[in-house]
Amino acid sequence: MTYSQLKLENQLCFPLYAASRQITRLYTPVLEPLGITYTQYITLLALWEEDHQPVKSLGEKLFLDSGTLTPLLKKLESQGYIKRNRSTSDERIVIVSLTAQGHQLKESAKTVPQRIASCVNLPEKDAKDLYRILYEILGV
């Protein structure tokens, strides 16, 4: 038995993991002036796209469990970007909404995608193919 299946270079998970970490690191200097982390940024992206979301729906969109999402939302709330309120129709449901400050941050963040794209040297066709493949892997 050769154990070649146990070589790091033969693991699909490894380049996905390493590329994800590298891309996330590119965001740090871009998001730092805004005072937010990458995970806070993607949470805000989801809320800028659709405000007033239940925590459960937000977690599903972001592929985050409640153990990760709850402290993240608490931090965004303490920064003044979001508010969390119980649903009036079902108190078990917590709705996340942007504050005026959260809406204003969108203007400051509008150049983030272009700045990150300029750091990734990937032809447009390859980027589109990669995007499609990654979402296939995610089952979306």
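The buried residues of helix 3 are covered by, among others, helix 2, strand 1 (53-54), helix 4 (66-78) and strand 3 (94-98), with contact meaning heavy atoms within 4.5 Å. Helices (H or I, at least four residues) and strands (E, at least two) are DSSP runs, numbered from the N terminus. This is a predicted model, where local features need pLDDT of at least 70 and side-chain atom pairs pLDDT 80 or more, while totals for chains, interfaces and linings use all residues. Residues are numbered from 1 along each chain as its sequence is written, and side-chain values use heavy atoms, leaving out hydrogens and water.

Leu58, Gly59 and Leu62 are the buried ones in helix 3 (buried is under 20% relative accessible area, exposed over 50%, partly exposed in between; 1.4 Å probe, protein chains only). They sit on the same side of helix 3, because their arc around the axis is only 100°, taken from the directions from the helix axis to the C-beta atoms. Exposed Lys56 and Glu60 are on the face turned away from that buried side.
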